[in-house]
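Visitor: I'm new to reading protein structures. Could you walk me through one, feature by feature?

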Amino acid sequence: METSQAVAASNGASAKIVPGDLKVPSAQEQKSDQATKELLDAAACGDLKLVKTLMTRGADCAAGDYDKRTALHIACANGHQAMVKYLLRQKATTVNCVDRFGISPLDEASKRKNAMIVELLKKHGATPMTSSSGFSLCTAAASNSQDKL
């Protein structure tokens with residue numbers, strides 16, 4: 001990755017260092033990012049044993065990827081019921097979390113018609129309405145998409 005100074009210098013401009021222009025992740029941030037990636041990958045594969053190991057080592061089950069998708073989002077999207085049960089038992093898990101698109105774990109399970117996971121999420125307080133629900137309902141009604149209503 002090039003810095004703004006490197007780009008400026010390569011274009012013949014003088015490079016002026018601006019405080020805070022380049023943030024280099026600390027070793028702790030890099031370690032945390034790697035742990036999150038490993039946790040999300042394990043959740044996607046349904047590897048509950050690895051998820052438990054990573055959690056024991058301090059991985060944060062509430063952490064999300066670049067789209068703010070958490071392990072719970074991914075487990076619900078992939079139909080990993082045992083993984084969803086485990087994640088819901090963790091204090092850090094937020095059942096009504098939303099990614100950057102406004103999609104919740106309940107939305108993921110509903111979209112894939114996984115009734116078992118939908119009921120499990122609802123038992124843990126998941127609600128079907130989010131801040132984008134009104135827009136989604138209006139869009140579905142306007143396009144006569146009865147299956148989305």
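Guide: Keep in mind that this is a predicted model. Let's start with a pair of helices: α5 and α7 pack with their axes 10 Å apart, at an angle of about 5°.

Visitor: How does α5 run relative to α7, roughly parallel or roughly perpendicular?
Guide: Angles under 35 degrees count as roughly parallel. The angle here is about 5°, so α5 is roughly parallel to α7.

Visitor: Which residues of α5 and α7 make the contact?
Guide: From α5 come Q81, V84, K85 and L88, and from α7 come M116, I117, L120 and L121. Sorted by class, the contact of α5 with α7 has six nonpolar residues, one polar and one charged.

Visitor: Let me zoom out. How many helices and strands does the chain have?
Guide: Eight helices and zero strands. Read from the N terminus, the elements go α-α-α-α-α-α-α-α. The chain has 149 residues, and 31% of them are buried.

Visitor: What tends to be found among buried side chains?
Guide: In soluble globular proteins, nonpolar side chains tend to be buried together. In this model, the largest nonpolar core has 27 residues, and L39, V51, V84, L87 and L121 are those with the most contacts inside it. The elements giving two or more residues to this core are α2 (27-45), α3 (48-56), α4 (71-77), α5 (81-88), α6 (105-111) and α7 (115-123).

Visitor: How do I compare distance in sequence with distance in space?
Guide: Take a pair and look at both numbers. D60 and Q90 are 30 residues apart in sequence, and their C-alpha atoms are 9.8 Å apart in space. G46 and I74 give another example: 28 residues apart in sequence, and 9.4 Å from C-alpha to C-alpha. For the chain as a whole, take the contacts with a separation of 6 or more: residues 24 or more positions apart account for 57% of them.

Visitor: Where is G46, and what does G46 touch?
Guide: G46 is in the loop between α2 and α3. With a relative accessible area of 32%, G46 is partly exposed. Not counting residues up to four places away in sequence, G46 touches H80 and M83.

Visitor: Back to the loop between α3 and α4. Is T70 buried or exposed?
Guide: Buried means under 20% relative accessible area. T70, in the loop between α3 and α4, has 7% relative accessibility, so T70 counts as buried. Beyond residues up to four places away in sequence, T70 touches L40, C61, A62, A63, G64 and C97.

Visitor: And D67, buried or exposed?
Guide: D67 is found in that loop between α3 and α4 too. At 11% relative accessibility, D67 counts as buried. D67 touches D99, R100 and F101, again not counting residues up to four places away in sequence. The side chains of D67 and R100 are joined by a polar contact of 2.3 Å.

Visitor: What is the phi of K113?
Guide: The phi of K113 is near 55°, also a positive value in a residue other than glycine. K113 lies in the loop between α6 and α7. With 72% relative accessibility, K113 counts as exposed.

Note on methods
Residues numbered from 1 in each chain as written. Predicted model: local features only at pLDDT ≥ 70, side-chain atom pairs only at ≥ 80, totals over all residues. Heavy atoms only, no water. Core = buried A, V, L, I, M, F, W, Y, C linked by side-chain atoms within 4.5 Å. Buried < 20%, exposed > 50% of the residue type's maximum accessible area, 1.4 Å probe, protein only. Helix = DSSP H or I, 4+ residues; strand = E, 2+ residues; numbered from the N terminus. Polar contact = N/O pair within 3.5 Å; in protein donor to acceptor, adjacent residues only side chain to side chain. Contact = heavy atoms within 4.5 Å. Axes fitted to C-alpha atoms, helices over the stretch in contact; angles between N-to-C directions. Parallel < 35°, antiparallel > 145°, perpendicular 65-115°, else oblique. Nonpolar A, V, L, I, M, F, W, Y, C, P; charged D, E, K, R; others polar.
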